[in-house]
There are 2 protein chains.
Amino acid sequence: MSQMLQIHDQLREMILSLDLGPGERLTERWLESRFEGSRTPIRAALVRLEGEELVRRDGRNWIVAPIDLGELEALAEFRIPLETTAVRFACARASETDIAGVEEMLDACQSGAPREEWHRVGTDFHVEIARLSGNPFIVKAIAGAMTRLSRARWLEVWTEPSREQAWREHRRILGFIKANDPEAAAREAADHITDTRDRLLRSLNEDRRGLRARGFAVIGLR
Amino acid sequence: MSQMLQIHDQLREMILSLDLGPGERLTERWLESRFEGSRTPIRAALVRLEGEELVRRDGRNWIVAPIDLGELEALAEFRIPLETTAVRFACARASETDIAGVEEMLDACQSGAPREEWHRVGTDFHVEIARLSGNPFIVKAIAGAMTRLSRARWLEVWTEPSREQAWREHRRILGFIKANDPEAAAREAADHITDTRDRLLRSLNEDRRGLRARGFAVIGLR
DNA sequence: CGGTCTTGTTTGGGATACCAATTCGGGATA
DNA sequence: TATCCCGAATTGGTATCCCAAACAAGACCG
């Protein structure tokens, strides 16, 4: 693989894992030494990440895209029509094998699993459901939305019951798809998005102090 | 403005206007002489355009993204839930001034206007409606979808009646938003997307021979 | 003591040099 | 005549170089 793609992937990972703080400045020279490559591939990776909105220009400088907690509501508004559509199409189009694949993914995440695992599966589930719709535009849009949500979800304080709740909802959505009940699946999906949004906002609100202490801008959070 | 952005915009324009044929190979050296800049800003522009899926890698080479007429159906599936949601939010949120702005845009496109004008307004209308929703994610998704549709729409054989039909539908959608009737607006928007998709597919089907003669791959068109 | 101007350093934008890989032609050979 | 092989030319990938603008620190002046 080209060096540029390696740098892109590594940097992307560092940003999404909050290894690089939101708003943090990135100088091309620092990245140069960090990744032991010259500026050319680094600049290409930055331009690419800019397209994914994980990195942004601040005047002439590069910064890690800040987390705007205010966009959580808009994100839910965006996801609901798309994901309800996705599950409806999934009912009509997904094969039993495809559905079983998603089921396995959920099963593979046991209660003892590390936090990273829960986080990843919690994101991938939605993308995989979108994939069942057979519509590549829906898949890409959902994947993008989940990426934007990803960092905020790291900030969430996960309690055992809330995590269990989310997993129950995932299983219910999948169950309705399996039972070929598109309207129930759509209703469940919409409720799930609303619920997780509320859980996330409540958690972030209760933890404002902790967030500030960790250096995160709480601007945008009502 | 930076040279890279100039190159990006010009190249984008050339691609969307079919000035550069879909699938055509782009060598960095040719672009270098064409835009009288060095490869550095050109590569940045290409990486950026790759993110917009207007340019693509073919092995080690760059090519103008081919038009896949087979994705027209998926595109309509994608747009319907988003645009129906957009008009519903528009009813609840758009100010009369905002609506009047869109109305002006439609009025400005008289029957004597050049084809480019009709093409542009026919695209922008949907983006502006999305903007009325107040949701930036919907706006960006619709803008992206209309961009992907743009080149196929150039291939369409526009007859006077079909163009008039589309414009009537636009006005009806806007009318229902103005009348604050979200469900009627949503129904109208969904019908409009279906109708334009059908018109486009019918036109392209009837003109297969012409398309081939002009060098366009008709693959993907049922 | 405070403000301002200067100057040296650092940054990103662009140009160019170099390299490895791929492509394409032409000529030798069966 | 068809095929294979080798080399020249071209390509994209990477490294490096130069420059102008931004920035920061410090000296100088009021």
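Where in chain A is Glu53(A) placed? Select this residue to begin: Glu53(A) sits in the loop that runs between α3 and β2 (55–58) of chain A. The model on display is a predicted one. Glu53(A) has a phi near 60°, which is a positive value in a residue other than glycine. With a relative accessible area of 36%, Glu53(A) is partly exposed.

**The counterpart loop in chain B**

Next, select Glu53(B) together with Lys140(A). A salt bridge joins Glu53(B) and Lys140(A), and their closest N and O atoms are 3.1 Å apart. This pair crosses between chains: Glu53(B) is in the loop between α3 (39–51) and β2 (55–58) of chain B, while Lys140(A) is in helix α7 of chain A. Glu53(B) is partly exposed at a relative accessible area of 35%, and Lys140(A) also counts as partly exposed, at 48%.

Stay in the loop and select Glu52(B) with Arg12(B). These two residues form a salt bridge in which the closest N and O atoms are 2.9 Å apart. The pair links distant parts of the chain, with Arg12(B) in helix α1 of chain B and Glu52(B) in the loop between α3 and β2 of chain B, 40 residues apart. Arg12(B) is partly exposed, at 23% relative accessible area; Glu52(B) is partly exposed as well, at 28%.

From helix α1, move to Leu18(B). Leu18(B) belongs to the loop between α1 (3–16) and β1 (25–26) of chain B. Its phi is positive, about 65°, although Leu18(B) is not a glycine.

**The interface of chain A and chain B**

Now display both chains. Chain A and chain B bury about 1900 Å² between them, and 66% of that area is on carbon and sulfur atoms. Glu77(A), Phe78(A) and Phe137(A) supply 34% of the area that chain A buries against chain B, more than any other three residues. The contact involves 23 residues from chain A and 23 residues from chain B.

Glu77(B) and Arg93(A) form a salt bridge, with the closest N and O atoms 2.5 Å apart. Six salt bridges are found across the interface of chain A and chain B, along with nine residue pairs in polar contact. On the side of chain A that touches chain B, the elements giving two or more residues are α3 (39–51), α4 (71–93) and α7 of chain A. The largest share of that side, ten residues, comes from α4(A).

**Helix α7 of chain A**

Select residues 136–155 of chain A. This is helix α7, which has 20 residues and reaches 30 Å from its first C-alpha to its last, close to the 28 Å expected at 1.5 Å a residue. At the N-terminal end, Asn135(A) caps the helix: one of its side-chain oxygens lies 2.9 Å from the backbone nitrogen of Phe137(A). Further along, α7(A) has a kink of about 35° centred on Leu149(A). Of the 20 residues of α7(A), 15 are buried, so the helix is largely enclosed by the rest of the structure.

**Two buried histidines**

Select His119(A), which is found in helix α6 (residues 115–132) of chain A. His119(A) is buried, with a relative accessible area of 6%. Its side chain makes a polar contact of 3.5 Å with the side chain of Trp154(A). Beyond its neighbours within four places in sequence, His119(A) is in contact with Ser150(A), Arg153(A), Trp154(A) and Trp158(A).

Then select His192(A), in helix α9 (residues 182–206) of chain A. His192(A) is buried at a relative accessible area of 2%. Not counting residues up to four places away in sequence, His192(A) touches His126(A), Ala166(A), Glu169(A), His170(A), Ile173(A) and Arg199(A).

**Last stops: further salt bridges**

In chain B, select Arg120(B) and Asp124(B). Both lie in helix α6 (residues 115–132) of chain B, four residues apart, about one turn of the helix. Asp124(B) and Arg120(B) form a salt bridge whose closest N and O atoms are 3.1 Å apart. Asp124(B) is partly exposed, at 25% relative accessible area, and Arg120(B) counts as partly exposed at 40%.

Finally, return to chain A and select Glu28(A), Arg39(A) and Arg43(A), which are linked in a network of salt bridges. Over all chains, the structure holds 36 salt bridges.

Note on methods: Residues numbered from 1 in each chain as written. Chains lettered and ligands numbered in written order. Predicted model: local features only at pLDDT ≥ 70, side-chain atom pairs only at ≥ 80, totals over all residues. Heavy atoms only, no water. Expected span 1.5 Å × (residues − 1). Bend = angle between axes of the 7 residues up to and from the residue. Buried < 20%, exposed > 50% of the residue type's maximum accessible area, 1.4 Å probe, protein only. Polar contact = N/O pair within 3.5 Å; in protein donor to acceptor, adjacent residues only side chain to side chain. Contact = heavy atoms within 4.5 Å. Buried area = accessible area lost by both parts, 1.4 Å probe. Salt bridge = Lys/Arg side-chain N within 4 Å of Asp/Glu carboxyl O.
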